Amino acid sequence: MGFDDEYTGFEWAMFFIIGLPFILLILYTVFRVFRLLILEYFFGIKPFSEAFKPTPENVKYAFLVLGWHMSISEIDEMNHQTKYLFRYLQRLYPATPRIEYDSVLRLHTYHPDPVLVLKWFERALPEEKHIEVVDFLVDLAFYNDYLHPKEKSLIYMAGRILKIPEGEMRSLFEIRYQRQRERQQQRSSALNAVSQASKKETALKILGITEENPDFATVKKVYRNLAKKHHPDVYVGASNAEKKLAGERFASINKAYEYLEEILK
């Protein structure tokens, strides 16, 4: 009896109805996971080359590479910033696969030069979309109310490559600075107006401490790091808007620390 004789026509039909879609699903999943490798090694299409089309997945990948370069510029905040980056991109591209943290850990070694990504954006996206790339970087940089010098450098480099007018660049920063000032004023007002328990919670939030009952040594260590990072001397060559924001941030940090010092010591 031959192999074909062992199966009825009905059984073969069920195989194609149930089994074939399952096999196709596996192949599709493999392609989605290893898409860039397949495109590069089998079709010669390298990421950010002329042949790398601006599909939603490719644009999301380009944003991810840029965002990862932004995240690693501030090691102390990298984990929080990366989570913010993932959420941000998932909102922009909900129909694309979710980003796994392990898959991006070495992105900066695969794509060490963000200039290539920015030049791809400049070629692949319509001119009116270029501002969205810079806006994305500014949003990511300001997520924690602190603009690291390396972040600022990457943003301005993006502005030059994407030919964003200087006035628009200043406007993007001024909007974020204004939002920061408003948040800091709200926090400062809250610290003066709420109960002692809430004051403690607000003060810990200002210092970025998530532990509910930290000891004073922990608070002091965090404060010293923040005071060094936000000290006005760091902003000697900065713009007036940056100096003003840094001064307000520094005062807010000191006020929160003084309150915690008083109740914890």
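**Figure 1. A patch of negative charge sits on the surface.** Glu201, Glu211, Glu212 and Asp215 gather here. To be in such a patch, a residue needs over 30% relative accessible area and no salt bridge, and like charges are joined within 9 Å. Asp and Glu count as negative, Lys and Arg as positive, while His and the chain ends are not counted. Each charge is placed at CG of Asp, CD of Glu, NZ of Lys or CZ of Arg. Accessible areas come from the Shrake-Rupley method with a 1.4 Å probe, and for residues only the protein chains shown count as cover. Take Glu211 as an example: it lies in the loop between helix H10 (196-207) and helix H11 (216-230). With a relative accessible area of 42%, Glu211 is partly exposed; buried means under 20%, exposed over 50%, and partly exposed in between.

A word on the model: it is predicted, so local features need pLDDT of at least 70 and side-chain atom pairs count only at pLDDT 80 or more, whereas totals for chains, interfaces and linings use all residues. Residues are numbered from 1 along each chain as its sequence is written, and side-chain values use heavy atoms, with hydrogens and water left out.

**Figure 2. The whole protein is built from helices, with twelve of them and zero strands.** From the N terminus on, the elements run α-α-α-α-α-α-α-α-α-α-α-α. Helices (H or I, at least four residues) and strands (E, at least two) are DSSP runs, numbered from the N terminus. The protein has 265 residues, and 41% of them count as buried.

**Figure 3. Arg123 reaches Glu50 in a salt bridge.** A salt bridge here is a side-chain nitrogen of Lys or Arg within 4 Å of a carboxyl oxygen of Asp or Glu. A search of the whole structure turns up six of them. For Arg123 and Glu50, the closest N and O atoms are 3.5 Å apart. Arg123 belongs to helix H6 (residues 114-124) and Glu50 to the loop between helix H2 (35-43) and helix H3 (56-71), so the pair ties together parts that are 73 residues apart in sequence. Arg123 is partly exposed at 39% relative accessibility, and Glu50 is exposed at 64%.

**Figure 4. Arg176 and Asp139 meet in a salt bridge, 2.8 Å from N to O.** This pair links distant parts of the chain: Arg176 is in helix H9 (residues 166-193) and Asp139 in helix H7 (residues 130-141), 37 residues apart. Are these two buried or exposed? Arg176 counts as buried at 5% relative accessibility, and Asp139 counts as buried at 19%.

Figure 5. Glu166 is exposed at 58% relative accessibility, while Arg170 is partly exposed at 48%. Elsewhere, salt bridges that share partners join Asp135, Asp139 and Arg176 into one network.

**Figure 6. Aromatic rings pair up at 16 places in the structure.** Rings of Phe, Tyr and Trp (its six-membered ring) pair if their centres lie within 6.5 Å; planes under 30 degrees apart count as stacked, over 60 as edge-to-face and the rest as tilted. Tyr84 and Tyr88 make a tilted pair, 6.0 Å centre to centre with 50° between the planes. Both lie in helix H4 (residues 78-92), four residues apart, about one turn of the helix. Tyr84 and Tyr88 are both buried. What about Tyr223 and Tyr257: how do their rings sit? Their centres are 3.9 Å apart and their planes at 10°, so this pair is stacked. Tyr223 lies in helix H11 and Tyr257 in helix H12 (residues 240-264), so the pair ties together parts that are 34 residues apart in sequence. Tyr223 and Tyr257 are buried too.

**Figure 7. Ring pairs link up into a cluster.** Among its members are Phe48, Phe52, Tyr61, Trp120 and Phe136. Tyr84 and Tyr88 from the previous view belong to the cluster as well.

**Figure 8. Lys163 has a positive phi, near 60°, in a residue other than glycine.** Lys163 is found in the loop between helix H8 (149-161) and H9. At 60% relative accessibility, Lys163 counts as exposed.

How values were computed: Patch = residues over 30% accessible without salt bridge, like charges linked within 9 Å, V, L, I, M, F, W, Y side chains within 5 Å. Buried < 20%, exposed > 50% of the residue type's maximum accessible area, 1.4 Å probe, protein only.
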